[in-house]
Amino acid sequence: MNILLFGCGYIGHRSARQSLAAGHRVTAATRSQQRAAEFRGEGLDTIVCDVTDQSSLAALPAADALVYAVGFDRSAKPSIDEVYAGGLRNVLSAIPRS
């Protein structure tokens, strides 16, 4: 199974590791190039994007399952509504249909 994961904090990262251990292919979406490199070192595929920036979601891979475990970063500019509701809306509109 191909899993596309948004939000690689405590819950998302743990889910990714368990999914890999079960033999699934996992693509972790992160805003950070540094975190992407760390995740690749763990065997995850990665994509650098921001759920609040629709244009950054243009190259999302096809997936059998989507995990949206995005946390709210109080130090970032977007509002909680933009991250949770708007971000999920952006992701759902950008994922390839199969």
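These are my notebook entries on what I looked up in this predicted model.

**Ground rules.** I count residues from 1 along each chain as its sequence is written, and my side-chain values use heavy atoms, with hydrogens and water left out. Since the model is predicted, I ask for pLDDT of at least 70 for local features and 80 or more for side-chain atom pairs, while totals for chains, interfaces and linings use all residues.

**Overall layout.** I started with the secondary structure and got three helices and four strands. Helices (H or I, at least four residues) and strands (E, at least two) are DSSP runs, numbered from the N terminus. Reading along the sequence, I noted the pattern β-α-β-α-β-β-α.

**Size.** The C-alpha atoms fill a box of roughly 35 × 30 × 20 Å along the principal axes. I then checked the radius of gyration, taken over C-alpha atoms, against the globule rule of 2.2 Å times the number of residues to the power 0.38. The protein has 13 Å, which agrees with the value near 13 Å for a compact globule of 98 residues.

Buried residues come to 32% of the 98. My cut-offs are under 20% relative accessible area for buried, over 50% for exposed, and partly exposed in between (1.4 Å probe, protein chains only). The protein exposes about 5,800 Å², and carbon and sulfur atoms supply 51% of that. Those areas come from the Shrake-Rupley method with a 1.4 Å probe; for residues, only the protein chains shown count as cover.

**Contacts.** Of the contacts between residues at least 6 apart in sequence, 47% join residues at least 24 apart. Contact means heavy atoms within 4.5 Å.

**Aromatic pair.** I found one. Rings of Phe, Tyr and Trp (its six-membered ring) pair if their centres lie within 6.5 Å; planes under 30 degrees apart are stacked, over 60 edge-to-face, and the rest tilted. The rings of phenylalanine 6 and tyrosine 68 have centres 6.3 Å apart and planes at 40°, so I wrote the pair down as tilted. Phenylalanine 6 is in strand E1 (residues 2-6) and tyrosine 68 in strand E4 (residues 65-68), so the pair links parts of the chain 62 residues apart. Phenylalanine 6 is buried at 1% relative accessibility, whereas tyrosine 68 is partly exposed at 22%.

**Salt bridges.** I counted two, taking a side-chain nitrogen of Lys or Arg within 4 Å of a carboxyl oxygen of Asp or Glu. Aspartate 45 meets arginine 25 at 2.5 Å, N to O. That bridge runs from strand E3 (residues 45-48) to strand E2 (residues 25-30), with the partners 20 residues apart. Aspartate 45 is partly exposed, at 27%.

Arginine 35 pairs with glutamate 38, with the closest N and O atoms 3.4 Å apart. They sit three residues apart in helix H2 (residues 33-41), so about one helical turn separates them. Arginine 35 is partly exposed at 30%, and glutamate 38 is partly exposed at 36%.

**Surface patch.** Leu66, Leu88 and Leu92 form a nonpolar patch with about 200 Å² of accessible area together. Patches are made of residues with over 30% relative accessible area and no salt bridge; like charges are joined within 9 Å, nonpolar side chains (Val, Leu, Ile, Met, Phe, Trp, Tyr) within 5 Å. Leucine 88 lies in helix H3 (residues 80-94) and is partly exposed, at 31%.

**A loop residue.** Serine 75 is in the loop between E4 and H3. Serine 75 counts as exposed, at 67%. From aspartate 64, serine 75 is 11 residues away in sequence and 32 Å away in space, C-alpha to C-alpha.
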